[in-house]
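Colleague: I have the sequence and the model open. Could you take me through the chain and then one residue of it?

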Amino acid sequence: MAAGIALSLNSPLLLLFFRAMLGVSVSVFVVATVAAQSILLDERSRGIGFALFTTGSMLPLATVVPVSEWLLHHNFNELYIWFPALTALACAAVSCFVKDLSYSGKAERRWGRYSDLFKVKGVKVLLFTAATMSLADAMTISMASLANARSVSVSYFMIASAAAAVLIRTVGFRLIAGIPRVRLAAPAAALMGFALLGLSFSSTALMFVLFGLFFGVGIGIGFPTDLALVGDMLPAAYHPKATGLVLLVIDSGWMVSPLVYGCFSPYLGVSNTFRVMGLAVFAAASMLYLRYWLPVAQGKLKIGGEC
């Protein structure tokens, strides 16, 4: 698909086709692998398992993005266009050395219905929490504009956030494994909102690195925690549908945030738009935690079971 995109830059219809097929391929892969892990992993190992799995999505930010930026700055435009295809080819080569794992999950005759899924206590709040996190995460699409407005290279933020996310999902996740996941999901999103707010006032590389670390810790904890909560809250028959919904909500943020940015930045300016988004995410995540997740953690509310 990456090669198809590189070959179709002069044909908008073909470019849209290959981009759409890339989206379909990624969606099927992610939903299938996440749902399988949710079924196979027990409650104790689920958080660490998802943390390690989602580390792969952060590594390109610390490797591919800086290299791509370097290629553009040094006018290697043709190599920049083909770099994603070369990266995909390298990943395919590495996969040849990975041994196949037999799937031992129990086959389900019925995989539940969406109508019953939405009756489970806490599912809607989990979706709102995932949406809040996604709105903050998707603002990274516009991060280059903020960095340009603040006269700082965007790579300082990208490398710092990716490094923090990878570290928290590998070494650091064992340190927080004892904390109930209901105490982690919303605060992680709130931390990302706080980082966006802080970045909007930053004009030095050091501050971009600092708030990039905060942002990376937030997404490093939030993404695997939201996925692991599916397994905590629901029986196995609902895992594929619930996983698909959580990922759909997360992907939707990547459509909404750029639209919001595009609508408000011409009037508010780049920095003020980031401040509004950061403050909104921080407030929404804090409200979700105080109104719902904290009472659950304190035993005043229960998740799972029908409403």
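Colleague: What percentage of the 307 residues of the protein chain count as buried?

Modeller: This is a predicted model. A residue counts as buried when its relative accessible area is under 20%. In the protein chain of 307 residues, the share that counts as buried is 42%.

Colleague: How many helices and how many strands does the secondary structure of the protein chain come to?

Modeller: Along the sequence the pattern is α-α-α-α-α-α-α-α-α-α-α-α. The totals for the chain are zero strands and 12 helices.

Colleague: Is threonine 129 buried or exposed?

Modeller: Threonine 129 lies in helix α6, which spans residues 123–137. Its relative accessible area is 2%, and the cut-off for buried is under 20%, so threonine 129 is buried.

Colleague: Which residue has its backbone oxygen 2.8 Å from a polar atom of the side chain of threonine 129?

Modeller: Leaving aside neighbours within four places in sequence, threonine 129 is in contact with Ala185, Ala186, Asp226, Leu288 and Trp293. The backbone oxygen 2.8 Å from a polar atom of its side chain belongs to valine 125.

Colleague: Is α6 roughly parallel or roughly antiparallel to α12?

Modeller: Residues of α6, including Thr129, meet residues of α12, including Leu288 and Trp293. The axes of α6 and helix α12 (residues 270–297) come within 9 Å and cross at roughly 160°. Angles over 145 degrees count as roughly antiparallel. Therefore α6 is, relative to α12, roughly antiparallel.

Colleague: Which hand does the crossing of α6 and α12 have?

Modeller: Two packed helices are described by the angle between their axes and the distance between the axes. For α6 and α12, the hand of the crossing is left-handed.

Note on methods
Residues are numbered from 1 along each chain as its sequence is written. This is a predicted model: local features need pLDDT of at least 70, side-chain atom pairs count only at pLDDT 80 or more; totals for chains, interfaces and linings use all residues. Side-chain values use heavy atoms; hydrogens and water are left out. Helices (H or I, at least four residues) and strands (E, at least two) are DSSP runs, numbered from the N terminus. Buried means under 20% relative accessible area, exposed over 50%, partly exposed in between (1.4 Å probe, protein chains only). A polar contact is a pair of N or O atoms within 3.5 Å; within protein, one must be able to donate a hydrogen and the other to accept it, and residues adjacent in sequence count only if both atoms are side-chain atoms. Contact means heavy atoms within 4.5 Å. Axes are lines fitted to C-alpha atoms, for helices over the stretch in contact, and angles run from 0 to 180 degrees between N-to-C directions. Angles under 35 degrees count as roughly parallel, over 145 as roughly antiparallel, 65 to 115 as roughly perpendicular and the rest as oblique. A crossing is left-handed if the near helix is turned anticlockwise from the far one by less than a right angle, and right-handed if clockwise.
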